Number of protein chains: 2
Amino acid sequence: MSSPTHETFAHSIPKGKLVKAFSAFLSPETILFEEEDLRPYECDGLSAYRVLPWMVVLPETVEQVQKILQICHSWDIPVVARGAGTGLSGGALPLKNGVLLSLAKFNRILAIDPISRTARVQPGVRNLAISEAAAPAGLYYAPDPSSQIACTIGGNVAENSGGVHCLKYGLTVHNILGLKMLTMTGEEISLGGETLDSPGYDLLALMTGSEGLLGVIIEVTVRLLPLPERAQVILAAFDNVAKAGAAVGGIISAGIIPGGLEMMDNLAIRAAEDFVHAGYPQEAAAILLCELDGTQAEVSHQIRKVRELLLSHGAIEIRTALDEQERAKLWQGRKAAFPAVGRLAPDYYCMDGTIPRNRLPQVLERINELSQEFNLPVANVFHAGDGNLHPLILYDANRPGELERAEQLGANILELCVAVGGTITGEHGVGIEKINQMCIQFGTAELQQFHALKAAFDPKGLLNPGKAVPTLHRCAEFGAMHVHQGKLPFPELDRF
Amino acid sequence: MSSPTHETFAHSIPKGKLVKAFSAFLSPETILFEEEDLRPYECDGLSAYRVLPWMVVLPETVEQVQKILQICHSWDIPVVARGAGTGLSGGALPLKNGVLLSLAKFNRILAIDPISRTARVQPGVRNLAISEAAAPAGLYYAPDPSSQIACTIGGNVAENSGGVHCLKYGLTVHNILGLKMLTMTGEEISLGGETLDSPGYDLLALMTGSEGLLGVIIEVTVRLLPLPERAQVILAAFDNVAKAGAAVGGIISAGIIPGGLEMMDNLAIRAAEDFVHAGYPQEAAAILLCELDGTQAEVSHQIRKVRELLLSHGAIEIRTALDEQERAKLWQGRKAAFPAVGRLAPDYYCMDGTIPRNRLPQVLERINELSQEFNLPVANVFHAGDGNLHPLILYDANRPGELERAEQLGANILELCVAVGGTITGEHGVGIEKINQMCIQFGTAELQQFHALKAAFDPKGLLNPGKAVPTLHRCAEFGAMHVHQGKLPFPELDRF
């Protein structure tokens with residue numbers, strides 16, 4: 001039941017030997033090994049950590065991926081799969097002694113079926129491209145991470161991505177029906193299909209969110225939803241953050257499931273307003289953006305009800321977007337919140353924790369206290385409806401000690417999430433970013449079970465090693481460990 | 001990667017020794033070992049197969065379950081967990097040399113939280129009892145298997161149960177948020193919680209539908225939904241089964257997601273009508289029952305739209321329930337369809353396969369041909385909206401060869417489901433009933449992965465052995481195997 005130790009798998013294959021082996025079935029321009037070619041792959045969206053990969057391959061067929069995996073498996077070379085590299089937790093951070101397997105060339109939409117309401121696509125297809133292709137049939141793919149223009153469905157599956165609408169429409173796991181994957185030995189496994197249920201263990205769900213540690217995704221069948229007839233957004237302003245938090249609970253417990261229910265605090269409001277002029281009330285302590293979608297009649301009915309609820313929870317201003325243009329404007333502020341906050345300080349650190357909805361007011365108050373204790377501003381922008389927080393910690397990496405303070409504050413916020421019954425990640429995954437916090441989230445029994453499960457798929461531990469699930473050894477040492485700027489706090493990765 | 005062989009684990013512990021060990025922490029009335037006490041546990045809802053268990057235990061605390069598992073683990077005694085015993089695929093069929101672990105005494109609702117919209121319950125709580133307890137808060141638990149008065153949430157999780165409303169509201173896996181389980185060694189593992197997403201591998205989904213092979217569920221946190229303001233049902237009659245099938249596709253592809261969308265063919269209609277007088281048109285080749293739920297306005301709008309769609313697909317009669325009484329009456333016929341069909345012949349065999357929705361007309365035609373080839377009537381009653389078929393094969397077990405013919409016809413229907421891209425089970429699970437068909441559903445790569453996964457949880461293979469996932473050996477022999485009446489066609493089980 002113990003996890004594979006990383007030392008066991010350090011290989012000593014010369015680079016030239018591997019290039020030669022790959023050249024037998026890959027064209028030269030799809031094997032990258034010179035520093036200038038490798039540079040674009042040295043990080044994903046968590047750009048604070050960078051490692052130049054040993055080699056990058058860009059296969060175009062399943063057979064090529066199979067051969068790559070078979071060779072790496074037999075020579076004990078670790079493999080990191082990569083979609084668009086937009087992930088925020090370092091899940092696609094390369095290994096200095098490993099192969100980075102880009103699925104970028106798997107970018108074809110294979111089929112769209114309006115009766116089964118499904119799309120079958122290759123893993124490198126962009127999230128938004130699926131909805132664009134389905135639009136003529138009046139359908140769309142619901143999960144919409146903010147990177148949806150760029151991020152790929154394969155990456156979405158690996159990270160179990162969410163988005164603004166996941167309160168109503170669920171995460172990736174709730175919106176996919178089938179997967180084809182390759183194991184580390186290159187064997188193809190088909191999971192699910194076009195039907196709702198499937199016999200056997202639910203490997204489809206297990207693969208979703210497994211962060212590239214169990215297999216390589218080569219095809220995805222997603223569920224498509226009918227485009228709502230109408231969507232309308234309400235903005236409500238509050239003079240107190242706790243009141244806004246309570247209003248979220250009020251809406252949900254009244255039986256309304258909004259398409260999106262977002263919250264921003266004053267710092268985030270002012271940053272967004274300065275940046276895109278969305279028309280937000282700059283004096284408000286917090287605003288809620290509540291989107292209602294459905295049929296014409298349903299939306300009208302719900303708008304009336306939500307307005308009443310917001311007023312009864314102390315909203316000081318309520319505004320309903322009168323047309324599509326105004327609706328787009330209100331959302332624009334929310335969508336630009338991260339870069340907008342980014343203008344307030346040289347650096348920011350975006351956290352991603354979830355809490356039970358009924359703890360919102362209490363947790364927001366405690367984050368505010370922590371912000372003062374650490375003397376670092378924190379802007380709060382989050383998917384309030386499903387309790388998914390995105391505190392943005394502002395700091396200046398050039399000031400000695402500030403990065404460490406920001407990281408410590410972030411860790412404290414995640415620990416707070418766990419303490420109130422929540423989790424250390426809502427939709428960004430664990431990757432390398434939160435691997436220490438996994439030691440807080442889970443006990444030894446769960447971690448041992450995770451490692452046993454990993455070994456059932458990848459006994460040699462070659463797929464994306466060092467990510468997502470900490471070794472028991474790491475957890476035993478966690479607490480005594482300090483993060484040093486400029487040096488990766490992940491010694492496991494150094495071994496590859 | 002090979003599956004544990006069953007021979008390895010046959011134990012030779014004397015019954016008296018185990019009773020003595022259990023008596024140290026269980027009261028005498030919760031240890032059953034005399035034949036008369038064991039008899040009620042000899043089968044579940046798949047009553048064609050019966051095995052008298054070696055021993056039954058009815059623990060009341062988690063600590064007791066832990067001790068039972070620890071003892072059985074150390075003495076290599078297999079364990080079968082049982083909820084209410086309403087399962088239809090033999091998942092809770094006992095072992096003649098194993099312990100049947102009843103969770104019946106774990107029947108407490110631990111918490112209901114209207115803001116988080118969750119209920120935390122013990123595994124032996126009945127499905128309907130959750131909705132009853134949540135009703136004062138205007139909430140309910142959506143999955144509604146037809147056995148919901150009796151079946152327990154622990155069993156629902158083990159089988160990933162569905163129900164009439166799963167088209168709109170999903171299966172069990174879509175409606176649970178947290179689990180506590182014990183491994184075969186008695187270790188407690190906590191999965192998920194009250195939040196939408198959770199880091200680490202998705203063991204919550206993996207446990208759901210794992211049919212008691214991976215662990216014992218000791219607590220479940222379910223998602224609650226707001227009770228819809230209004231629900232209304234439309235009955236539509238067709239003179240042709242294929243037209244009814246096409247109308248299902250028409251409704252779905254128009255972007256409507258009914259709360260329920262059920263279909264019955266002429267044999268089922270007449271049987272139900274004779275039995276409960278629901279007012280069904282007895283000459284129709286098929287009827288659809290389409291339930292629409294939501295707000296007042298939304299339901300009115302959808303009813304208009306669905307009526308138009310039904311007419312354009314050739315419905316010869318449409319009736320909308322005018323009041324709650326009429327609605328209940330229309331559903332009563334559907335809910336009584338199984339026992340009603342059961343009155344037409346001495347025996348019936350209920351199948352449970354799913355197909356992609358767009359294959360409905362074609363598959364129904366082929367089932368009709370198969371029915372004629374095998375000279376056995378088949379009544380079709382099913383969740384049309386999600387392509388979940390329940391063909392009921394009528395036969396007389398007293399006529400030589402008819403049971404075998406019914407089983408072969410059933411197997412052919414399931415193989416047909418797989419051939420069109422569907423699956424061998426929609427909501428009843430594999431159990432022992434469909435273990436051979438798993439060899440058709442999955443290839444060697446998938447089955448090997450299933451066995452590796454099982455070994456990661458239960459290396460000795462003591463939890464519910466012989467069920468759900470066939471050995472590669474069984475699949476190799478499948479095809480040459482014949483079923484003999486009166487003798488279990490599952491030699492693996494005989495070894496326990």
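Buried means under 20% relative accessible area, exposed over 50%, and partly exposed in between, with a 1.4 Å probe and protein chains only. Keep that at hand for the exercises below. This is a predicted model, in which local features need pLDDT of at least 70 and side-chain atom pairs count only at pLDDT 80 or more, while totals for chains, interfaces and linings use all residues. Residues are numbered from 1 along each chain as its sequence is written, chains are lettered from A and ligands numbered from 1 in the order in which they are written, and side-chain values use heavy atoms, leaving out hydrogens and water.

**Exercise 1. Find A:N464 and decide whether it is buried or exposed.**

Step 1: Look in the loop between α16 (444-457) and α17 (472-477) of chain A, where A:N464 has its place. Helices (H or I, at least four residues) and strands (E, at least two) are DSSP runs, numbered from the N terminus.
Step 2: The relative accessibility of A:N464 is 2%, so this residue counts as buried.
Step 3: Check the backbone too: A:N464 is not a glycine, yet its phi is positive, about 45°. Most residues other than glycine have a negative phi.

**Exercise 2. Describe the overall build of chain A.**

Step 1: Count the elements: chain A holds 18 helices and 20 strands.
Step 2: The radius of gyration, taken over C-alpha atoms, is compared with a globule rule of 2.2 Å times the number of residues to the power 0.38. Chain A has a radius of gyration of 23 Å, close to the 23 Å from the rule for 496 residues, so the chain is as compact as a globular protein of that length.
Step 3: Along the principal axes, the C-alpha atoms of chain A fill a box of roughly 70 × 55 × 45 Å.
Step 4: Of the 496 residues in chain A, 63% are buried.
Step 5: A contact means heavy atoms within 4.5 Å. Taking contacts in chain A between residues at least 6 apart in sequence, 72% join residues at least 24 apart.

**Exercise 3. Trace the strand partners of β6 in chain A.**

Step 1: Two strands pair if DSSP finds at least two bridges between them. Strand β5 (residues 109-113) and strand β6 (residues 118-121) of chain A run antiparallel and share 4 bridges; A:I112 has A:A119 as its bridge partner.
Step 2: β5(A) and β6(A) form a hairpin with 4 residues between them.
Step 3: A:R117 in that turn has a positive phi of about 55°, and its 6% relative accessibility makes A:R117 buried.
Step 4: β6(A) also runs antiparallel to strand β10 (residues 216-223) of chain A, again over 4 bridges. There, A:R120 is partnered by A:T221.

**Exercise 4. Work out which strands stand at the edges of the open sheet in chain B.**

Step 1: Write down the order of the 4 strands, β1-β2-β4-β3, with mixed pairing.
Step 2: β1 (31-32) and β3 (79-82) of chain B are the edge strands; each has a single partner strand, so one side of each is left without a neighbour in the sheet.
Step 3: β3(B) pairs with strand β4 (residues 99-102) of chain B in the parallel sense over 4 bridges. B:A81 has B:L101 as its bridge partner in β4(B).

**Exercise 5. Decide whether B:E308 is buried or exposed.**

Step 1: Go to helix α10 (residues 296-312) of chain B, which contains B:E308.
Step 2: B:E308 has a relative accessible area of 55%, so this residue is exposed.
Step 3: B:I251 is 57 residues away along the chain, and its C-alpha atom is separated from that of B:E308 by 9.8 Å.
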